[in-house]
Amino acid sequence: MEQRRYERRSAQGYLFGCVVAVLLWSTAWAQLRYSISEEVNEGTVVGNIAKDLGLDKSTLIDRKYRIVSSNADPLFHVNQNNGVLYVSRKIDREEVCAQSNTCLMNLKTVLENPLEVHYIGVEILDINDHSPSFPEKEKTLEISESVLPGARFQLKPSRDRDSGHFSVQQYKLSQNDHFRLEVRDKGEDGKIPILVLQKSLDREAAGSNSLVLTAVDGGEPPKSGTMNILVKVLDVNDNVPVFSKDIYSVTLYENVQVGTTVIEVNATDLDEGQNGEVYYSFGNSVSNTLFKLFYINPSTGEIIVSGLIDYEQKDKYEIEIEASDKGVAPLTTEKSVVIQIVDINDNAPEIEVTSFSSSIPEDFRPGTTVALISVNDLDSGLNGKVICSIDEDVPFALSPSLQDQMYSLVTKSPLDREKQTHYDLTITAKDAGQPSLSSDKTISVVVSDVNDNSPEFSLSPYTFYVTEGNDPGTSVFSVKAFDRDENDNALVSYHILRDGSKENRVTSFLNINSETGDILALKSFDFETLKTFQFQVVATDSGTPSLSSNVTVNVFILDQNDNAPVILYPVSSNGSAEGVEEIPRNVNAGHLVTKVRAYDADIGYNGWLLFSLQDVTDHSLFGLDRYTGQIRTLRSFTETDEAEHKLVILVKDNGNVSLSATATVLVKVVEPKEAFAASDVKSATKDEEENNVTFYLMITLGSVSTLFLISIIVLIAMQCSKTTDYTSKYLQETNYDGTLCHSIQYRSGDKRYMLVGPRMSIGSTIVPGSHANTLVLPDRRGPSGEVRQVF
């Protein structure tokens, strides 16, 4: 309140001084002086000139009372009727008088008839109708942060179109921490505001400061104008770049693609412009290897992969990164970036075979080490954990060693080279990664031979059929043995086992080729003296120690037709086959005259004899049974028949090339009495001869039966040992009745068994039955059907 009273008293004193000055000026320059405030309305009365000058109002019109002015738009006009001075339009003192302290308008009024000039002064009084204004609404000051406190910054003053007390009287500065306001009074030039820095600026703390400068005039109420001052703090490179993190750490998978961003480092510089513009680079301690693997974007700070990242080469990288500003004197800071490489399963296991025995003997015991195998996986963790395996169907196994990632390849079961000579072993190593990787390695193991196999004959026993009459010194048959071993262990030599026994004496006539197994007969075999024999052949390999085996060889001598029939009856005293038979003339047809008996040392067809009449005096009188050799009468004798008849009988065997003998029988026809007397004499002689023949026949039949039984026993033994073989290719049965008959013979040319005997055709054959022991014999003698002989 006290301040307001003081300001009011000051204004009144100022107004009083102005009035006194106007009065003094008007006394000197004008007859009349009026005052009027600016901005009054149009038509406002200024004063009554006529009254104040004492002019007659009635003459004003006639005397053309007016204001003389060169202004086309005068501020005032006078009414000729009453002499009153009026305002023609609103008056702006600042427009009319600018910044003058006193604004006096001099008017010249004129009256004619007579001419009369009066000077009127009108003072335009100022009112506070204008606010202070600054030349700039916004003012920007750029002040370096390095400016010291006490620095002064002069500002353009505010202008108020009002004058005097209504002009700018004071300045005010908004509250702030860095500046204070000083005002310099320059008289007519007004008051000049000055900013004084009282506290150092820090651009990094505040890049700018906003101030408001207010100019206040002396009106009641006062008017004011403001100017916004923006103080921009100019940067000085006084801050180093600062990274956003204390520690940069990142994980990176190996084998990432080139161009992959690993991490983006970020550093800020509180400075601005080039002082705050940060660029990035690798530190001086970074090796050339890292330059090949990584690249840093100098603008963004991105660390980018530029090469192949391999965990197995290095699992961790520590890179020094520099952040520098672009000031004239750059400031730099460093930070370490730790890149931890994460392993991926990118390496297949590697298999290495050491101490490998490519060839092992087949007598290796189970559990014997064949090779040492090491596996290695460059990956780590589960990716580097390797499991080895081998095929299940081989006699080998992998045994883990005490040392990690080592295995022993051992035998797990006995080996047999004869079953398999070599093994291609595939070893598979598989890691535990996801997805897992594996690798294979194939090694070949050769199983070397050990002499563990004796020679084996292709047949056991051997049965050979040798035709009698072979050439001495030639190969008659051959044995063959093979050894499942190899090389010397499989080299077989042969020899005949000779023990000196009586049963083995025939081996003295045999020789064997030690290399080929061909057996040579040193003499010719004779079926009639030797029908079968047996011996042993030994096969020995060349291994160390050698192994051997033997085989039984059964040899059957096949009969050849090399013996001609021998006439047993009739035989004369001188040994010729001639005889005389006397028969009564009164015999009937069918009477047995005699019987020709013959013997052939051969068997089968070769010993089967047939009888025929080669020569006879009367074919109608005598008949000959071709099988039994019996001579019988075909009819009764007549008186005209001759008393003596000569019969020539041909005895022929059935060999391929048949042999024969002839016997001559002289038949004498006598009267009955003579016949009976001769019959008694001949009967005694014939009985003696027949007794001798019977004795020889018994010996022969006994020998043949013994051989037959031996053959049967041998065949039964062979049948038991080898069921798939047919019965022996050589069997015989004898039933001697003047000839050898009912014999079984194998014909090598026809490859079939033949049963030969009386009244059988050469085409009769033996058909093996379902059990290989039945012989089917077609009988062509009559309609009696088949005859089966079962052995």
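Predicted model: local features only at pLDDT ≥ 70, side-chain atom pairs only at ≥ 80, totals over all residues.
Local features need pLDDT of at least 70, side-chain atom pairs count only at pLDDT 80 or more, and totals for chains, interfaces and linings use all residues. Residues are numbered from 1 along each chain as its sequence is written, and side-chain values use heavy atoms, with hydrogens and water left out.

Side chains of opposite charge can pair when their charged atoms come close. The structure holds 16 salt bridges (a side-chain nitrogen of Lys or Arg within 4 Å of a carboxyl oxygen of Asp or Glu). One of them joins R417 to D449, with the closest N and O atoms 3.1 Å apart. This pair links distant parts of the chain, 32 residues apart. R417 sits in the loop between strand 29 (406-411) and strand 30 (422-431). D449 sits in the loop between strand 31 (438-448) and strand 32 (456-457). Strands are DSSP runs (E, at least two residues), numbered from the N terminus. Both residues are buried (under 20% relative accessible area; exposed is over 50%, partly exposed in between, with a 1.4 Å probe and protein chains only). A network of salt bridges links R417, E418, D449 and E486.

K326 pairs with E277, the closest N and O atoms being 2.7 Å apart. K326 lies in the loop between strands 22 and 23 and E277 in the loop between strands 18 and 19, so the bridge ties together parts that are 49 residues apart in sequence. K326 is partly exposed at 35%; E277 is partly exposed at 36%.

K191 and D185 also form a salt bridge, at 4.0 Å between the closest N and O atoms. Here K191 is partly exposed at 22%, while D185 is exposed at 53%.

Terms used
Helix = DSSP H or I, 4+ residues; strand = E, 2+ residues; numbered from the N terminus.
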